[in-house]
Amino acid sequence: MKIGKRLTLQFTLVVGLIFVFILTTIYILVTYNSQSLFYERLKDRAYITANIFFEKDELSAERIEHFERNFLQSLADEYIQILNDKNKIIYSTDAKPSALPNDIIENLNEKHEFRYTKNGRQYLSIKYHDNQGNFIIIVSAINKTGVQKTNYLLLVCALSFLFSLIIIYLAGKYFSKKALTPITEVVDQVKNITLSNLNLRVSGGKNKDEIAELADTFNNMLQRLQNAFEIEKNFISNASHELRNPLTAIIGELQVLLSKEREKNELEAASSVILERAVLMKELVNSLLLLSQMENAEQLNINEDIRIDELLIELTQNTNTKHAGELIKITFINLPENQQELIIKGNRLLLYAAMVNLIENGIKFSHQKQVDCILRFNKNQIEVEICDKGIGILEKDLNQLFHPFFRGDNAREFNGNGIGLSLSHKILTLHKATIYARSDNDGTTFSITFNKN
């Protein structure tokens, strides 16, 4: 069942129940009031009857005629009884009067006045004291006029309820449709958005309500999806390009080798080229795999205790060994007395890879010159600076430096795939660290800050 129909039925049910309660209350109150008024009429009849019956010998004929004309007009199916203190009927308008039930007599003995209803007939009994003794006067009648009025009221209430229910249903249907129109418009707009037009956005109307909030949330999601698709598209295009170049070189070398017999030195030279291209492909594939892992960072373990100073010392030793020279100079500034202050939570292998990328880039783009690595402790922050004396980074390229596969114009002469800096940036971001680069003619400096808090 659709929301609009469900809301209409729920609205109709709730308002209908309220109407039932109100109309039922009105009917009960009117019925009770009608019965009360009729009892008052019976009470008046009882006292007037007593006055006429017991004071008849003391009243003039004109007075008696006046009472009978104005006050003894019979009610519907009325009958009157007068009983003495021995419960004997001394007067009755009924040809065959019947004695009072014992329960009524018991109630009259306890109360001055007793009212009850039986089979649609209302009874009123009162005690009356006269100089002749104590008597019981019983007046009974059927409230035909009151019953007719209450029955008519019941019919009016029933018809009003049915008519109101129809109006309530139609009104609920109209207002629910009007309230859900913005949602319907949003749905229609969403149906028109496909992979080929992710740039389209949903309009939530001019009102600052929940529908507008939903539209804004959906637009934000579309923006993230569009960005993700564009990144993926560029990623695939760049990855294909970077993989194609070494593959083309390998295939070309092999085709040249196979075209005719080669000398040993030619075979060694070609094999060296093929090996170099294969190594580049391996590094690219490894970087792509690691970059793919970073997209699912929630599956990575980043709760290891890592001492930054020990990590940098290990990295320095391994890199110097690899390049067979003292290419990295590490400097410690303002280290804390408590060495535990240098521990951060993270993934050691990933953090090592991020630092290696930055240092290897510094070595590569400075033509194998020395790279300075500075570790500085500042209150609750651990700062690492990696400084090289290389070719630098063009100012226009600084904003795109950490985009996958991006390579500056002045870096084209160096081998690479443009993934290293992007990968380092993602790893450091995962570790809640910030990184930014500054560059001039004397080289490039990468500043990394780990916030202990």
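In what sense do strand S10 and S12 pair, and over how many bridges? In this predicted model, S10 (residues 381-387) and S12 pair in the antiparallel sense over seven bridges. Within this pairing, Glu 385 stands opposite Ser 447 in S12.

**Strand S12 and its partners**

Strand S12 covers residues 443-451, and eight of its nine residues are buried, leaving the strand mostly covered. Strand S11 (residues 433-440) also pairs with S12, in the antiparallel sense and over eight bridges. Here Ala 437 stands opposite Phe 446 in S12.

| Strand paired with S12 | Sense | Bridges | Opposite residues |
|---|---|---|---|
| S10 (residues 381-387) | antiparallel | seven | Glu 385 and Ser 447 |
| S11 (residues 433-440) | antiparallel | eight | Ala 437 and Phe 446 |

In a regular strand, side chains alternate between the two faces of the sheet.

**Helix H8 and helix H9**

Two packed helices are described by the angle between their axes and by the distance between the axes. For helix H8 (residues 348-365) and helix H9 (residues 420-430), the axes come within 9 Å and cross at roughly 140 degrees. H8 is therefore oblique to H9. The crossing in which H8 passes H9 is left-handed. On the H8 side, the contact is made by Leu 350, Leu 351, Ala 353, Ala 354, Asn 357, Leu 358 and Asn 361. H9 contributes Gly 420, Leu 421, Leu 423, Ser 424, Ile 427, Leu 428 and Leu 430. Sorted by class, the contact of H8 with H9 has ten nonpolar and four polar residues, with no charged residues.

**Helix H7 and helix H8**

H8 also meets helix H7 (residues 308-323); the axes of H7 and H8 come within 10 Å and cross at roughly 50 degrees. The two helices are therefore oblique to each other, and their crossing is right-handed. From H7, the contact involves Ile 308, Glu 310, Leu 311, Glu 314, Leu 315, Asn 318, Thr 319, Lys 322 and His 323. From H8, the residues are Arg 348, Leu 351, Tyr 352, Met 355, Val 356, Ile 359, Glu 360 and Ile 363. By class, the contact of H7 with H8 has nine nonpolar, three polar and five charged residues. Leu 351 of H8 takes part in the contact with H9 and in the contact with H7.

Conventions
Residues numbered from 1 in each chain as written. Predicted model: local features only at pLDDT ≥ 70, side-chain atom pairs only at ≥ 80, totals over all residues. Heavy atoms only, no water. Buried < 20%, exposed > 50% of the residue type's maximum accessible area, 1.4 Å probe, protein only. Helix = DSSP H or I, 4+ residues; strand = E, 2+ residues; numbered from the N terminus. Pairing = 2+ DSSP bridges. Axes fitted to C-alpha atoms, helices over the stretch in contact; angles between N-to-C directions. Parallel < 35°, antiparallel > 145°, perpendicular 65-115°, else oblique. Left-handed = near helix turned anticlockwise from the far one by under 90°. Contact = heavy atoms within 4.5 Å. Nonpolar A, V, L, I, M, F, W, Y, C, P; charged D, E, K, R; others polar.
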